[in-house]
Amino acid sequence: MHDQRTSHKDAYSLILEAIDSHLYKPGDRLVESELADRFGVSRTPIREALQRLETQSLLTRDGRSLIVASLDHSQMSELYVVRGELEGLAARLAARHATPEEVRVLRDMLEEDQKLVGDPQALSRANRRFHKQIHLASHNRFLVQQLDLVHRSMALLATTSLAADGRTTGTLEEHARIVEAIEAGDGVAAYDALRAHISKAFVTRLKLDAQAVEAAE
Ligand SMILES: [Zn+2]
């Protein structure tokens, strides 16, 4: 039997995951009763979860309905600036504080992810795990929290930049460079490698958006 707090948290995570996996995309309407049916959760925790997501700006009002928020061009640029700096900081701290076991996990991830080339969705999930591992290796809880916020907002971007042609190989090479710097304990190199990685992801994203505009015309 779930208590109120657990089911509340469940409804929130369930909806968040659904947005994150693009089951619900920016602009999609979220209806309390449909969500309750889909997730088999009663309406009260769903309502509370929706309110919380609205407070976090992941949902927005369109008249009387709640829809998944979308990021405009400036918001997306602002998000990437913050992401680049915070991820860079995480890499710099990881170079100083990561345990040998944590570095080992990163190395194993690099190897595993090679098998996912050609599967953008799987690679996108692996990418998130990889970055999360670096966040944790920074051993700074406040930074981990801030990065969680940034990554939550990343869910509001329509597609993964890993879906772009030729981006997967580049991504994995960049990941390898980041891990090398962390393993060498070189904070400056780790920061630079991660900043460069996020900057390239941003350029890819801008190109994807330009294509989407072209396709819509
Ligand atoms: Zn990455």
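This is a predicted model: local features need pLDDT of at least 70, side-chain atom pairs count only at pLDDT 80 or more; totals for chains, interfaces and linings use all residues.

Q: Why is R195 called partly exposed?
A: Its relative accessible area is 34%. Buried means under 20%, exposed means over 50%, and partly exposed is in between (1.4 Å probe, protein chains only). Residues are numbered from 1 along each chain as its sequence is written, and side-chain values use heavy atoms, with hydrogens and water left out.

Q: How do you know that R195 forms a salt bridge with E85?
A: The closest N and O atoms of R195 and E85 are 2.7 Å apart. A salt bridge needs a side-chain nitrogen of Lys or Arg within 4 Å of a carboxyl oxygen of Asp or Glu, so the R195 and E85 pair counts. Side chains of opposite charge can pair when their charged atoms come close.

Q: What makes the R195 and E85 pair a tie between separate parts of the chain?
A: R195 lies in helix α9 (residues 187–216) and E85 in helix α4 (residues 73–97), so the pair ties together parts that are 110 residues apart in sequence. Helices here are DSSP runs (H or I, at least four residues), numbered from the N terminus.

Q: Is E174 buried or exposed, and how do you know?
A: E174 has a relative accessible area of 7%, so it's buried. K200 is at 41%, so that one is partly exposed.

Q: What makes N127, H131, H175 and H197 donors of the zinc ion?
A: Their donor atoms lie 2.1 to 2.2 Å from the zinc ion. Donors are N, O and S atoms within 2.8 Å of the metal (3.2 Å for Na, K and Ca), so these four qualify. Water is not among the atoms, so sites may look incomplete.

Q: Why is the arrangement around the zinc ion called irregular?
A: The four donor atoms subtend angles of 88 to 158°. Four donors count as tetrahedral if all angles lie between 85 and 135 degrees; four count as square planar and six as octahedral if opposite donors are over 155 degrees apart and all others between 65 and 115; anything else is irregular. The angles here make the arrangement irregular.

Methods:
Helices (H or I, at least four residues) and strands (E, at least two) are DSSP runs, numbered from the N terminus.
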